[in-house]
Structure formats: C-alpha cells, structure tokens
Amino acid sequence: MEAPLQTGMVLGVMIGAGVAVVVTAVLILLVVRRLRVPKTPAPDGPRYRFRKRDKVLFYGRKIMRKVSQSTSSLVDTSVSATSRPRMKKKLKMLNIAKNGGVYIRDLHVGYFMSLLTRVVFFQGTSLAGSGLGVPPHSELTNPASNLATVAVLPVCAEVPMVAFTLELQHALQAIGPTLLLNSDIIRARLGASALDSIQEFRLSGWLAQQEDAHRIVLYQTDASLTPWTVRCLRQADCILIVGLGDQEPTLGQLEQMLENTAVRALKQLVLLHREEGAGPTRTVEWLNMRSWCSGHLHLRCPRRLFSRRSPAKLHELYEKVFSRRADRHSDFSRLARVLTGNTIALVLGGGGARGCSHIGVLKALEEAGVPVDLVGGTSIGSFIGALYAEERSASRTKQRAREWAKVWCWEEGLRHPRSAIKPVAPP
C-alpha cells in the first residue's frame with residue numbers, strides 16, 4: 001500500500017518540477033526579448049498631428065532643397081573629375097526628357113526657369129500626391145449657388161419683417177420656386193401643436209419635403225427667441241440679419257443669442273434704406289459690432305415696404321404685386337441673385353479719354369435690360385464704374401462725366417506727344 005503511494009508522490013513531484021521549469025524558461029525568454037528591444041523615450045508634450053499645411057511646407061522645403069542642391073553647379077560649366085559622379089546623380093534626378101524632351105545637357109540660361117518650374121511641379125506631384133493640389137477650374141463653384149434655405153432675422157422690432165419677406169419672395173420667384181414659412185403658416189398647415197416637441201419628427205419630415213420641392217425656402221423668424229426661431233436658425237444655410245440703416249448699430253437680443261450659439265450658416269448683414277432718404281452711412285460701425293457677418297448689403301426699398309398696414313392689408317397689397325413681374329433692376333432682385341449665385345458683374349478697362357466709351361456700354365446694357373450687380377475697373381474704368389455705382393443710371397453718369405471732362409480737358413481730344421511723331425530720316 002505504501003509502494004503505490006510513494007510512486008504517486010514521485011510522479012506528482014516530477015510533474016510539478018517540469019511545469020516550474022517550463023514557466024521559468026518562458027519568463028527568462030520574455031525578459032531577454034524585452035532587454036533586446038531599445039526603449040524609445042516618451043515625448044514630453046502632446047503628440048503632434050501632421051496637418052495638411054505643415055505637409056505642404058515640409059514637401060516644399062524638401063523640393064527646394066533638392067532643386068537648390070541639384071542646380072548649384074549648373075552655372076559653372078567646368079566640372080572636375082572628383083565631382084563627376086555627384087554631377088551624374090544630379091543629372092539623373094533633373095532629367096525630365098520623358099516629359100517634354102528637355103535634357104539637362106542642352107540646358108542654357110533661357111530654359112532655367114522653365115526647367116525649375118517643371119521640377120517643382122513633378123516632384124510636388126510625386127511626393128505630396130493629388131490631395132494637396134488646387135481643384136480644377138471646373139470644380140470651383142460659387143458657395144451661394146448651393147443655398148437652399150434662408151432665414152431672416154430682425155435686428156429690432158421696428159424692422160418690417162412681413163413686408164421684407166414678401167418683397168424678397170417676389171424677387172426670388174423670378175429665379176425659381178420659392179416658399180415663405182413662418183410660425184403662423186406652420187400652424188395653419190400642420191395644426192396648432194405643430195411646433196411642440198412631440199411633433200419634432202413630423203415637422204422635420206415636412207420641411208425636408210418642402211426644401212426638395214422648392215429652389216429657395218424662406219424662414220421668417222419670430223421677434224423673440226421661440227422654438228420656431230431656433231428651428232429657423234437650425235434649418236438655414238444662410239442667415240440674413242436685417243436692420244434699418246438710419247438707426248443706431250446696436251446689437252439686438254436675437255443677435256446676441258446668435259453670437260453665443262455655434263451656428264455654422266453663412267451670415268449676411270442687410271441694411272434697409274428709404275428711397276427718398278440719405279445714402280448709407282456708418283457701415284463700419286455696423287460691421288465692427290458684428291464680426292461674425294461675412295458680408296453686407298444696402299437695399300433701397302420701395303415706399304410700400306415701410307407703409308403702416310396690418311398683416312392682412314399687406315397680404316392684399318402684395319397679391320397685386322405678385323401679379324406683376326419683379327423689376328430686375330431693383331435692389332431686392334439684386335439680393336435674390338446674390339442668394340442664388342446669379343450675380344452679374346461688370347469690369348471696365350482703362351484707356352484714358354477712350355474710357356468715356358464705357359458710358360455707351362452702360363447705356364446699351366440698360367436698353368437690353370441687363371442688370372449690373374457689381375462694378376469694377378482699372379484707371380478710367382474704375383472712375384466711370386464708381387460714378388455708375390453712385391448714380392445707378394447711365395444718363396446721370398454721363399452728366400457727371402461731362403462735368404469732370406471739363407476739368408480734365410477730355411473735350412479737346414487725344415494729345416500725341418511730339419517725340420512720338422517726329423519724322424524719321426531716310427536710311
């Protein structure tokens with residue numbers, strides 16, 4: 001009885017010793033492998049992310065370093081025997097015969113800049129890849145052409161919001177189907193509880209359908225911070241902050257809320273002016289207090305916009321207005337073209353006294369019914385363009401230009417310098 005017991009104890013001791021030996025060997029192997037791997041020091045600060053701008057700078061320095069090293073000895077035609085292998089390596093790198101047929105051996109001073117430009121282009125393409133390049137001209141689009149929803153936010157309670165949105169809707173309908181929505185219209189179409197939080201999913205789906213069916217959807221906010229105002233700001237691709245040009249450029253309550261919220265929509269400042277009123281003033285003060293605005297527009301409004309009528313009377317008035325076509329030369333039509341990416345710009349060139357012919361071009365555009373939204377120019381073209389931007393009429397621009405012509409003696413015609421018309425002696 002004792003013999004089998006002793007035999008079992010011996011076997012158990014042997015198995016335990018074997019397991020201990022295996023475990024010890026594994027631990028020794030892990031320690032040895034750990035000691036062989038060099039430890040890299042941990043960075044002191046946070047890990048730096050390689051941004052696209054830094055990548056461009058890095059590859060730019062690398063390219064220019066290669067170009068400077070490779071072209072440093074191109075001016076010196078004498079190459080020593082010791083530097084010949086290095087020169088061969090440079091020639092191999094700069095050889096672009098496969099793309100243009102220009103060899104470095106045939107290089108002279110006239111090809112130097114073109115060769116350098118090609119080297120930078122091909123090296124940049126191979127190193128940086130196509131992701132860092134500038135998109136082609138066909139892919140450059142106007143960001144305003146993608147706007148589908150526009151929210152109208154008043155600066156103060158004195159802004160005629162109902163008349164403004166109706167006037168803008170009339171101008172936008174000349175470009176495409178336009179829908180105007182406010183809290184009253186939503187309750188009338190979807191029920192009194194349409195703006196409650198319970199109806200969130202239903203309202204979102206209905207608004208998405210309207211945005212798909214119309215070119216532009218105008219969202220008229222309330223005068224205070226209501227759930228509908230928050231919804232309008234959340235739906236908008238562009239927010240029009242509408243104020244009165246003859247008032248103080250103070251921040252409104254809704255504007256202060258807009259500044260504190262992370263709304264990523266495009267923001268434009270629109271200042272309204274009366275037809276018989278003075279011109280725009282204190283624009284800088286308006287913009288300095290609204291650094292989040294990406295642009296501003298001054299609108300000369302018709303008299304009906306500032307008429308003191310009830311909303312019902314205003315809708316009756318604009319039913320008659322909607323039966324007529326919108327004036328393409330009005331400021332509201334100009335605002336509609338800006339919002340839809342259809343702005344028309346005119347650039348006038350220079351040319352001294354010949355610049356007066358620009359007035360004829362302006363008159364021909366008016367007769368053809370072509371509106372001009374932006375005016376630019378060079379030399380005399382900038383002067384005529386500034387007059388047209390101020391007067392907004394080709395006939396009045398012509399009268400102003402005549403007054404300046406008396407000062408600049410344009411009526412005497414062109415004066416040729418004597419040195420340019422001296423007779424040339426026969427050979």
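In helix α5, the buried residues (under 20% relative accessible area, with exposed meaning over 50% and partly exposed in between, for a 1.4 Å probe and protein chains only) are Met-161, Ala-163, Phe-164, Thr-165, Leu-166, Glu-167, Leu-168, Gln-169, His-170, Ala-171 and Leu-172. Because 11 of its 12 residues are buried, α5 is largely enclosed by the rest of the structure. Helices (H or I, at least four residues) and strands (E, at least two) are DSSP runs, numbered from the N terminus.

The model is predicted: local features need pLDDT of at least 70 and side-chain atom pairs count only at pLDDT 80 or more, whereas totals for chains, interfaces and linings use all residues. Residues are numbered from 1 along each chain as its sequence is written, and side-chain values use heavy atoms, with hydrogens and water left out.

**Salt bridges**

The whole structure contains 14 salt bridges, each defined as a side-chain nitrogen of Lys or Arg within 4 Å of a carboxyl oxygen of Asp or Glu.

Asp-373 is buried, at 12% relative accessible area; Arg-334 is buried at 18%, and Arg-337 at 8%. Asp-331, Arg-334, Arg-337, Asp-373 and Arg-392 are linked in a network of salt bridges.

For the pair of Glu-200 and Arg-234, the relative accessibility of Glu-200 is 32%, which is partly exposed, while Arg-234 is exposed at 54%.

**Cysteines**

There are 0 disulfides in the structure, a disulfide being a pair of cysteine sulfur atoms within 2.5 Å. The sulfur of Cys-238 is 9.9 Å from the closest cysteine sulfur, in Cys-293, which is too far for a bond. Cys-238 is buried, with a relative accessible area of 1%, and Cys-301 is likewise buried at 1%.
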